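User: I would like a close look at a single part of this model, with its surroundings described in one connected account.
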Amino acid sequence: MKKGLIAIIVIGAILLGGFIWVKNTYNQMVVSDENVQAAWSQVENVYQRRADLIPQLVNTVKGYANHEKSTLDAVVSARTKATQMTVSVDDLSEENIQKFQEAQGEVGTAIGRLLAITESYPELKANENFSELQAQLEGTENRIATERMKFNDAVKAFNTGIRRFPDNIVASMFGFEKKGYFEAKAGADVAPVV
């Protein structure tokens, strides 16, 4: 009788320990997933801030460089494309992040061309509104880099957590899947020729 009771207590303790481990592991994965989602929201926020600055910048440049219409149109077109490209926080796969990054990269390239043509217009460069917008845009680009880094850190913590043994067993039981990173564009490791 005592052996049966001891066996039941041991089995119960093992089951209870297993339940507590699964619960704690699952809850930690949920926290990590929420951190990734929060970081992604911040990435979207700073990209939206940049998108909101573009119309003001384009309108300011239009007054001085109206015959640069193709460049202005390219900026507006890239902004439109980028704002239409959305990635669901539930599907942060490498492919989706790459598509998002490409759309945002087109905006960055178009803005770079726009700022480059302003060198030909000293009166535009002296315009206080333009200077302020340019400074805000530069600050926003720094925020984008910072938020992308924070996002990658959150993704790294999440991906590590769901791949680590024995936590990977719980991750597969509850459908936690690897998230994608922001990666440097091809050729970003080569300094531009000036």
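Where does tryptophan 21 lie, that is, in which helix?

Analyst: Tryptophan 21 lies in helix 1, which spans residues 2-62 (helices are DSSP runs of H or I with at least four residues, numbered from the N terminus). The model is predicted, so local features need pLDDT of at least 70 and side-chain atom pairs pLDDT 80 or more, while totals for chains, interfaces and linings use all residues. Residues are numbered from 1 along each chain as its sequence is written, and side-chain values use heavy atoms, without hydrogens or water.

Tryptophan 21 counts as partly exposed because its relative accessibility is 33% (buried is under 20%, exposed over 50%, partly exposed in between, with a 1.4 Å probe and protein chains only). Tryptophan 21 belongs to a nonpolar surface patch together with Tyr26, Phe165, Ile169, Met173 and Phe174 (nonpolar side chains joined within 5 Å, each residue having over 30% relative accessible area and no salt bridge). The accessible area of these residues together is about 630 Å², by the Shrake-Rupley method with a 1.4 Å probe. Helix 1 and helix 6 (167-174) each supply at least two residues of the patch; helix 6 gives the most, with 3 residues.

The structure holds 6 salt bridges (a Lys or Arg side-chain nitrogen within 4 Å of an Asp or Glu carboxyl oxygen). One of them joins aspartate 33 to lysine 179, with the closest N and O atoms 3.0 Å apart. This pair links distant parts of the chain, since aspartate 33 is in helix 1 whereas lysine 179 is in the segment after helix 6, 146 residues apart. Aspartate 33 is buried, with a relative accessible area of 15%, and lysine 179 is buried too, at 10%.

Another salt bridge connects arginine 50 with glutamate 141, and here the closest N and O atoms are again 3.0 Å apart. Arginine 50 sits in helix 1 and glutamate 141 in helix 5 (residues 128-163), so distant parts of the chain, 91 residues apart, are linked. Arginine 50 counts as buried because its relative accessibility is 3%, whereas glutamate 141 is partly exposed at 31%.

Glutamate 147 is buried, with a relative accessible area of 13%, and lysine 150 is partly exposed, at 44%.

Technical notes: Patches are made of residues with over 30% relative accessible area and no salt bridge: like charges are joined within 9 Å, nonpolar side chains (Val, Leu, Ile, Met, Phe, Trp, Tyr) within 5 Å.
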